[in-house]
Amino acid sequence: MSTNIICIVGRPNVGKSTLFNRLIEERKAIMDNQSGVTRDRHYGYGEWTDKYFTVIDTGGYVVGSEDIFEGAIREQVERAIEESTVVLFMVDTMTGLTELDKEFANVLRRYDKPVYLVANKAETTERHQSAAEFYELGMGDEIYTISAQTGFGTGDLLDAVVTHFEDPGIENPEAGIPRVAIMGRPNVGKSSFLNALIGAERSIVTDIAGTTRDAIHTRYKAFGKDFILTDTAGIRRKSRVKEDIEFYSTLRSVKALEESDVCVVMIDATLGLEGQDISIIGQADKAKKGIVLMVNKWDLVEKDTKTADTFRKQMMERLAPMNYMPVIFASVVEKQRIYQVMEKVMEVYENKTKRIPTSKLNDVMQAEIAKYPPPAHRGKYINIKYMIQVPTPSPTFIFFTSHPKHVKEPYMRYLENRMRENFDFSGVPITLFFREK
Ligand code: GDP
Ligand code: GDP
């Protein structure tokens, strides 16, 4: 994790999110391309004059709330301040100085952090000049007038900010860190599991409570593992209006899945694998995500030495051919095997991101093909010449073949199974394409 952290604070509507987006703009495209997702989040990564940094956006969470100093929100803002190296305190030259600005200034004075007073929306000369009124806040002798919208003044601001960063920072702080979604039908124990993970250690980058945005990404270090949860909002929202929850939780879980690398699909041990579970697993498989099956509430099952094996076997039979994922029998309530779940998540992530060298792939798979060549189609001999893995977010292989259209489903299945036997792709959907050379 980079220690170069900027947080943007200020009352609602001053332009925090606009500045946030501007600061992370270029890097965002790069980072999102790598994972193949687009994200909507409260922290992002920026770069200025070869220094890399993290930006925390505290905007967007107070819509509809007058009292931004209400306990929970205030706590989140203060956590963001605590975690950051530099604070950007944003005010608005269009509306001028307000009481809320003064309150914010008082909060900031309690911290021993470098604070930059940023007067936004200063596109016109008039607003630019009116920024002088913010000296009254007593936040030092420099006011940075900018326009987050046009980018005016942001260069000078960043020049000053990066002087606080001693090291160059990390170019891609999320490389190699899995993003994890927790899925499962209502009541299976998702919130309890999330709380067990989150309760273990606090986040490295703050998440913001009560947000109006759908997905929140929070980075954690728990049980010795470093990971990002793609949805933690559900925990806190639990107590709110019922219908709302139903609707948003469906939307949110779709989004959390989309934005994850690996998803933990929770299954209720007392109910067994049901249609709804299979549909969730199917969604994850279709989206080419890594999958770990977590059979929860194992404490409630009466068992002997064979119970887990039998349970696993039955599940795998029902899931076939979608039955390549590891299964962990756990109990969140009794804190049993939570660590193993996270360990499997890491393994599956490795399987999902590994690359098989072309020569090894060809040696191994040509031998398998020689043992059982593709059946000829109407006298047409099908020849698989060679194969490569392509650099995509989930394992994808191209088999260069004569008459690729005539390679049939059972033979594809044969190849997939041989791939799984020879290379560990446990928990990972793999994709095979057949192309004419
Ligand atoms: P936040 O609540 O502090 O995160 O503020 P937003 O970034 O959501 O911006 C609030 C409003 O101010 C939006 O309508 C923005 O389009 C507008 N805004 C943000 N930055 C600028 C700016 O530099 N100039 C002008 N004129 N409007 C801006
Ligand atoms: P969610 O709807 O998937 O978020 O499920 P919750 O986390 O709210 O859990 C639903 C209920 O199952 C709660 O009463 C939990 O206490 C209970 N629960 C969760 N995990 C376990 C477990 O491992 N064992 C037992 N016995 N109960 C559990």
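Modeller: Gladly. This is a predicted model. Among contacts in the protein chain between residues at least 6 apart in sequence, 74% join residues at least 24 apart. The chain's secondary structure comes to 13 helices and 15 strands, and buried residues make up 36% of its 437 residues.

Colleague: Let's take single residues. Why does Arg 378 count as exposed?

Modeller: Arg 378 has 6 C-beta neighbours inside 10 Å. The label exposed applies at 12 or fewer, so with 6 Arg 378 counts as exposed. Arg 378 sits in the loop between helix H12 (358–371) and strand E13 (384–390).

Colleague: And why is His 403 called partly exposed?

Modeller: His 403 has 16 C-beta neighbours inside 10 Å.

Colleague: What makes the peptide bond from Ala 320 to Pro 321 cis or trans?

Modeller: Its omega is near 0°, and the bond is cis. Pro 321 belongs to the loop between helix H10 (307–319) and strand E12 (327–329).

Colleague: Which residues have the most contacts inside the largest nonpolar core?

Modeller: They are Val 264, Val 265, Val 292 and Met 294, in a core of 46 residues. This core draws at least three residues from each of domain 2 (179–353) and domain 3 (358–435). A second, separate core has 41 residues, including Ile 6, Phe 89, Val 91 and Leu 117.

Colleague: What is Val 265 in contact with, leaving aside its neighbours within four places in sequence?

Modeller: Its partners include Met 183, Gly 184, Asp 277, Ile 280, Leu 293 and Met 294. Each counts as a contact because the C-beta atoms lie within 7 Å.

Colleague: Last one: how many residues surround ligand 2, and which are the closest?

Modeller: There are 15, and the closest are Gly 189, Lys 190, Ser 191, Ser 192 and Val 333. Helix H6 (residues 190–200) gives the most to this shell, with three residues.

Colleague: How do the residues of the shell around ligand 2 divide by kind?

Modeller: Five are nonpolar, seven polar and three charged. Gly counts among the polar residues.

Conventions: Residues numbered from 1 in each chain as written. Chains lettered and ligands numbered in written order. Predicted model: local features only at pLDDT ≥ 70, side-chain atom pairs only at ≥ 80, totals over all residues. Near = placed C-beta within 6 Å. Helix = DSSP H or I, 4+ residues; strand = E, 2+ residues; numbered from the N terminus. Buried ≥ 20, exposed ≤ 12 C-beta atoms within 10 Å, placed from the backbone. Contact = placed C-beta atoms within 7 Å. Core = buried A, V, L, I, M, F, W, Y, C linked by C-beta atoms within 7 Å. Domains from an automatic or database assignment.
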